[in-house]
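Got a two-chain model open and wondering what to look at? Let's walk through it with a few questions.

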Amino acid sequence: MSSSSPKLQIDPYERGWMYFSLGLLAAFAIAITVAGLAMGIQLPGFEQRVDPRTVDTDPNSPWSKPGLREVVPGKEYDAYILAQIWRYSVSEQPAQKELEVPLGATVTFYITSKDVQHGFLLQNTNLNVQVVPGQVAKLTYTFNQAGRYDFICHEYCGTGHAAMFATVVVK
Amino acid sequence: MSATLPNYTHSNSEKRFIGLHLFIGILALAIGSLFGPLQAFEHAGLDLYPYLKPLFQSYYQGLTLHGVLNALVWTTFFITGFLTLTVTHGLERPLRYPKLNAVGFWVMVVGLITTAIPLLLNEASVLYTFYAPMKAHWAFYLGLTLVVVGSWIEGYGFFFTYAAWRKDNPGVRSPFMAFASVITMLMWQIATLGVAIEILTMLLPWSLGLLEGVDPQLARTYFWFTGHPLVYFWLLPAYISWYGMLPKQVGGKLFSDSLARLAFWLFLVLSVPLGFHHQYVDPGVPTAWKYIHAILTYSVFFPSMLTAFTVVASLENGGRQNGGKGLLGWIRALPWGNPSVTAQLLAGILFFFGGISGLANASYNVNLVLHNTAWVPGHFHLTVGSAVTLSFMGISFWLIPYLTGKKLWQPRWANIQVWLWFIGMLIFSNAMHVVGLLGAPRRTPLGLAPYVPEEWSGHLLRVGIGGAILFVSVYLYVVIVAVTAFSKKQTASASEQVEIPVAEAMQDPTLTPVWLDRWTPWVVGALALIALAYGPQLYEQIINISLTSPGFRVW
């Protein structure tokens, strides 16, 4: 049967379009690869797992004392943030809604959730992550402009979702 | 040549069976679309939900109903009905086991009712992604499972019908529309394994109290195994119309039968193994796998580019047959007075923009500025909400008259209706894309959010205006098809009976290569690619499963 099978016939214009399409997609693939590897614009990846049931109470868990840790004074900070319905814990004071860092500081955020899924979108930056209970999201950003940067919850997490945000204050 | 075109007259009971699918699909669209403008108006600063309090408890309950009814129910019922028509007409024979398909249909209906009850009682306001560990009432998960199982059964019915045809017609090229319909259903069977495993091994036993906790990351991975090919399950039936019917409706021919078939095979192979592009910012998935899925996502763009060329070339053929001249004169010569045609042409134009914003979503690190922003619903209202929904509306303008023996009520109003959809969607989706780029989150009643900057407000107003126009359009649609179907005055005379449009191919389909009509290599290829692209990471997540998340009811 296959001996009599006709060959695939492609119109010359369509053949040209197919090459154009493949070229276009290859160009996009190169662009995201260069941006990822050479320019360092990378996605968050696997970091570590935690038990969401005890992540805020276990004394060995950094999220039992959420907040900012100074690694290199004035330069490098770790921020342990615990997402929960319907706020971010950014300090051991529940009412606290701001993290204050100096201008030029590099902050590494470690974010997890103790209940449902949440989101983390730091406005006007490339920091964007899904906050999944049981997983730790790690993101790093260097704040070279003074001002207030809100981070907002972008995943539906229940009745109070729209009110869930906190702020990085860069002075 | 014309002898090769399928010709089949459906019996009244077949027509009724297909029509029942459409009836439920359109009913779901009508109810689900009540909530669309409530969301859009809320964004524009007018929150009507407090006035609905006795009936509907919150924005999120409305959003869940809107997503489930419009994106899942309207599509699935319309598609199974439409594919029943294309399979039987294409193969020129009734369903092999009509009772099997009837069982599938009623399982879907029972599933729909089972899902609808907790949704309406605010016991399942978890949105249509139902991300764990938000826990809905068990009936919600059970109902969704039944809808999927019912669609599987209807799919088996198509496969048996195809096999019976093949037995009677060895060596004959399968008719394009039936061929494409069977591929669509086959892809669906493979794709839905993810969500089936998610619900049956975790969510359902957990919601019944048999399991203490779930693994939210693994649940996401299962969900998006199904979640992206779901998009192609919506889209491919529209493509069947664009390739196999629309050319006939505009007075032209299908430009390339071979490449139309190649596109469908590529969709079967490439639709599933790319779900991690929905999980680019998931903390529990290694970046290497995200990158692999990014490249595979670009690959599935190729058959859509093929489709763009073949469909536009077929339309051009029609426009020139109608006397259109010059580089673009053929566009004016298309039958824009036919609402079924206009709907699908406008659907194609909106899909062009949806394709571009989809490419941006797919582009790995570019996703960092888009993930879970208003850009994303802006995008999928151009795809499922326009390419698919507007095409289905256009199809129904001939399909409902065909099934009911009626004349389309007020074709000019139908034309106005589809233009309203086009204009409303341009306004709505553009505003959503822009405000998303500015940082507005999706799935959020922004009127209640304390962090909304002034610069968003103009765009949010446009969201409301677009939503209002879309609402008028969708209800005009519902009225037109309801009057068409149910008014005795619309009964068509013998000469006015509508026929199923079937496009002839420019090239004799018997000259299509045999390898485009062989199932085994493509199906094996699809399964192998899934095993390669998903196997290792899925295995990793499964052996490390941590059922540490109890359920939460947070609405």
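This is a predicted model: local features need pLDDT of at least 70, side-chain atom pairs count only at pLDDT 80 or more; totals for chains, interfaces and linings use all residues.

Q: What is the secondary structure of chain B, and how compact is chain B for its 555 residues?
A: Start with the count for chain B: 17 helices and zero strands. Its C-alpha trace spans about 65 × 50 × 45 Å along the principal axes. The globule rule gives 24 Å for 555 residues, and the radius of gyration of chain B is close to that, so chain B is as compact as a globular protein of that length, at 23 Å.

Q: Which helix of chain B gives the most to the side that touches chain A?
A: The contact draws 61 residues from chain B and 61 residues from chain A. On the chain B side, α8 (216-244), α10 (257-270) and α11 (287-321) each supply at least two residues. By class, that side of chain B has 36 nonpolar, 19 polar and six charged residues. The top contributor, with ten residues, is α11(B).

Q: How do α11(B) and α13(B) run relative to each other?
A: Helix α13 of chain B covers residues 339-362, and its axis sits 11 Å from that of α11(B). The two pack at an angle of about 165°, and α11(B) passes α13(B) in a left-handed crossing. Anything over 145 degrees counts as roughly antiparallel. That cut-off is passed, therefore α11(B) and α13(B) are roughly antiparallel.

Q: How many charged residues are in the contact of α11(B) with α13(B)?
A: From α11(B) come B:Ala294, B:Thr297, B:Tyr298, B:Phe301, B:Ser304 and B:Val311, and they meet B:Gly348, B:Gly355, B:Leu359 and B:Ala362 in α13(B). Sorted by class, this contact has six nonpolar and four polar residues. The number of charged residues is none.

Q: Which strands are the edge strands of the five-stranded sheet in chain A?
A: The sheet is open, with mixed pairing and the order β4-β10-β9-β6-β7 in chain A. Its neighbouring strands are turned by 20° against each other on average, direction ignored. An edge strand pairs on one side only, and that describes β4 (98-101) and β7 (128-131) of chain A.

Q: What is the phi of A:Asn124?
A: Find A:Asn124 in the loop between β6 and β7 of chain A. Most residues other than glycine have a negative phi. A:Asn124 is not a glycine, yet its phi is positive, near 65°.

Key: Residues are numbered from 1 along each chain as its sequence is written. Chains are lettered from A and ligands numbered from 1 in the order in which they are written. Two residues are in contact if their C-beta atoms, placed from the backbone, lie within 7 Å. Helices (H or I, at least four residues) and strands (E, at least two) are DSSP runs, numbered from the N terminus. Ala, Val, Leu, Ile, Met, Phe, Trp, Tyr, Cys and Pro count as nonpolar, Asp, Glu, Lys and Arg as charged, and the others, Gly among them, as polar. Axes are lines fitted to C-alpha atoms, for helices over the stretch in contact, and angles run from 0 to 180 degrees between N-to-C directions. Angles under 35 degrees count as roughly parallel, over 145 as roughly antiparallel, 65 to 115 as roughly perpendicular and the rest as oblique. A crossing is left-handed if the near helix is turned anticlockwise from the far one by less than a right angle, and right-handed if clockwise. The radius of gyration is taken over C-alpha atoms; the globule rule is 2.2 Å times the number of residues to the power 0.38. Two strands pair if DSSP finds at least two bridges between them.
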